[in-house]
Amino acid sequence: AGTYIYRTTFDLTGLLPTTAILTGQWTSDNEGTIRLNGVDVTSGAAGQVANTGYTSWTPFTLNGANATFVSGLNTLEFVVSN
């Protein structure tokens, strides 16, 4: 039981962060949220995976419309509750 955070970093030094796009899929046995640079970038049914029991993937896309990438080091976190 508890909250678990899975974290990775990536570097956008020398790139234009406003044009960055990150796509992927994720799942969680219970609830979860995606964070970029400490800010929740998912909300509601589209962003949270509620008790899927690992039976399906939820796609996500992060871009300038729903996330703020920065020049330099960025931190992506998947926060899941068990």
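Residues are numbered from 1 along each chain as its sequence is written. Because the model is predicted, local features need pLDDT of at least 70 and side-chain atom pairs count only at pLDDT 80 or more, while totals for chains, interfaces and linings use all residues; side-chain values use heavy atoms, with hydrogens and water left out.

**The sheet**

- Two strands count as paired if DSSP finds at least two bridges between them.
- In general, strands of a sheet pair through backbone hydrogen bonds.

**Pairings of β6**

- β6 (residues 73–81) is joined to β1 by nine bridges.
- Within β6, S81 is the bridge partner of T3, and T75 is that of T9.
- Five bridges join β6 to β3, and these strands run antiparallel.
- R35 has E77 in β6 as its bridge partner.

**The nonpolar core**

- A nonpolar core is a set of buried (under 20% relative accessible area, 1.4 Å probe, protein chains only) Ala, Val, Leu, Ile, Met, Phe, Trp, Tyr and Cys residues joined through side-chain atoms within 4.5 Å.
- The largest such core has 13 residues, of which I34, L62 and F69 touch the most other members.
- β3 (32–36), β5 (58–62) and β6 each supply at least two residues of this core, and β6 gives the most, with three.
- Leaving aside residues up to four places away in sequence, L62 touches (heavy atoms within 4.5 Å) A20, I21, L22, I34, V41, A67, F69 and L76.

Note on methods. Helix = DSSP H or I, 4+ residues; strand = E, 2+ residues; numbered from the N terminus. Buried < 20%, exposed > 50% of the residue type's maximum accessible area, 1.4 Å probe, protein only.
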